[in-house]
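Below is a colleague's note for someone meeting this structure for the first time. Please keep the model open while going through the points.

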Amino acid sequence: MGWLGLDDTDHIGGGCTTHTLFELIQQLPKKYVVSSQRLVRLYPFAKQRTRGNAAVAVRIEGDDYTDLLLHLDYWWNEKIAPLKGKLTQSKQYPRPQSPTDPGMVWFESQPDEATYWKCVREEVSINDIAIADKSWGGHGRIGATAAISWPAKEYTYEAISWRTTDSVKSGGQRKVDLSRIAELDSGLDTFMSRDLRSNSVLISPRGNCPVLFGIRARTESTAINACNYLIESKFTEAVDGHMVFKTNQATDDHLGDDMRCFVDEIQIKKRGTVKIRCTDGMNLMAFAESGDLKNLAQWLKKDDEISYNGLLSSDRTIHLERLKILSSTPDRVRPKCENCGVTMKSMGANQDIRCPKCKIRMADSWQELPREPPYSGWVQPPNDSMRHLSKPINWN
Ligand SMILES: [Zn+2]
């Protein structure tokens, strides 16, 4: 019959678009069949983005089209429209927050994928998107339309479970079986559940949102099994329900082709952040929290050839998401003294070089020492500072 999309109902202080959709589906008259639950992450630098920057959509089948739209009207007015204008500022989130501006759209058939590609790669206004057969609300219509227009040629899954209303109200700490979480990503074929370096759990959000946890996996059955495995433990709190979404996470959909350049100069800034200036004029940033990527960037020298990918920020630098050395320029050093092995020293411009110990002289010359890169292939930030959209490099 058609597709329903939803976005921009969550803010730091509470709410979550996935839960808003879950409740809508729960209360939909049983004569309608819901399928193809999907969650898409959108352009990470979008100005008016919500916390998770995710929009959701589902397919709805049934006979009574008029009745469905009446129900959606009712649901919008009663449950979703009142979420507009919520805003919480938090010290945990330095980025300025926009007030929620929920949007919901209905398409009788899936619009072409152009809207999705725009919304995942660039700043989009409400005039740039496919026109829905029916729409409700404001800015959230953009993400809602993008979620429906996603062609899902490449995808992963996320199984999300929500806390009970009482737990959300009490604001107490989330309880999820930690020993079972420790099995994820190794025994079970899930990904981005933990960060081994910082020992942090990545499946549960912070703050007062209804999500208990979300498990990312490459197959639907893995996502469901891992989700049930956590829910069934007596060390996990009771849940309101759970649902599996097909997602564009870990697809690299937000990125264009890999690029290459020669390094002109690097500058090491506060906390080890590196700015790489390329000979073609491009400026690349490797941020302090990007781990191996930052380490590799610090190692670079003039004339090294690199391959990279990342997003162009409003400050006209590319924020690196992966980096690889293609070739490194050798270090130039003075030769060693044939007699004693001490490194020869220059005596001045256009003069011989001389051993500082036994004073033997040689014609002015250099030796080239190859530099061995600390990493041979691609490097990317650790799990806890990777974007949801970024594909792990070991998948290629
Ligand atoms: Zn010597």
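Predicted model: local features only at pLDDT ≥ 70, side-chain atom pairs only at ≥ 80, totals over all residues.

**Notes on the core, the barrel and selected residues**

1. Leaving aside its neighbours within four places in sequence, Ala-55 is in contact (C-beta atoms, placed from the backbone, within 7 Å) with Gly-5, Leu-6, Asp-7, Thr-17, Val-40, Leu-42, Gly-143, Ala-144, Ala-146 and Ala-147. Ala-55 also stands out, together with Ala-146 and Ala-147, in the largest nonpolar core, where these three touch the most other members among 58 residues. A nonpolar core here is a set of buried Ala, Val, Leu, Ile, Met, Phe, Trp, Tyr and Cys residues joined through C-beta atoms within 7 Å. Apart from that core lies another, of 17 residues, among them Leu-296, Ile-306, Tyr-308 and Ile-325. In soluble globular proteins, nonpolar side chains tend to be buried together.

2. Residues are numbered from 1 along each chain as its sequence is written.

3. Taken as a whole, the chain has eight helices and 21 strands, which are DSSP runs numbered from the N terminus (helices H or I, at least four residues; strands E, at least two). Its C-alpha trace spans about 95 × 50 × 35 Å along the principal axes. Of the 396 residues, 38% are buried, a term that requires 20 or more other C-beta atoms within 10 Å of the residue's own, whereas 12 or fewer make a residue exposed and counts in between make it partly exposed, with C-beta atoms placed from the backbone. Among contacts with a separation of 6 or more, 68% join residues 24 or more positions apart.

4. Which residues of helix H4 are buried? The buried residues run through Gly-140, Arg-141, Ile-142, Gly-143, Ala-144, Thr-145, Ala-146, Ala-147, Ile-148 and Ser-149; because this is ten of the ten residues of the helix, H4 is largely enclosed by the rest of the structure. The elements that they pack against are strands E1 (2-7), E2 (33-41), E3 (54-61), E4 (103-107) and E5 (134-137), together with helix H3 (114-121).

5. Five strands close into a barrel in the order E12-E13-E14-E16-E15, with mixed pairing, where two strands pair if DSSP finds at least two bridges between them. The twist averages 50 degrees from one strand to the next, with axes taken as lines fitted to C-alpha atoms and angles running from 0 to 180 degrees between N-to-C directions.

6. Thr-279 lies in the loop between strands E13 (274-278) and E14 (283-286), and counts as partly exposed because it has 13 C-beta neighbours inside 10 Å. Not counting residues up to four places away in sequence, Thr-279 touches Cys-261, Phe-262 and Asp-264; the C-alpha atoms of Thr-279 and Cys-261, 18 residues apart along the chain, are separated by 7.0 Å.

7. Two backbone angles deserve a careful look. Most residues other than glycine have a negative phi. Ser-36, in strand E2, has a positive phi of about 55 degrees although it is not a glycine, and Asp-303, in the loop between helix H8 (292-299) and strand E15 (305-312), has a positive phi near 80 degrees.

Key:
Contact = placed C-beta atoms within 7 Å.
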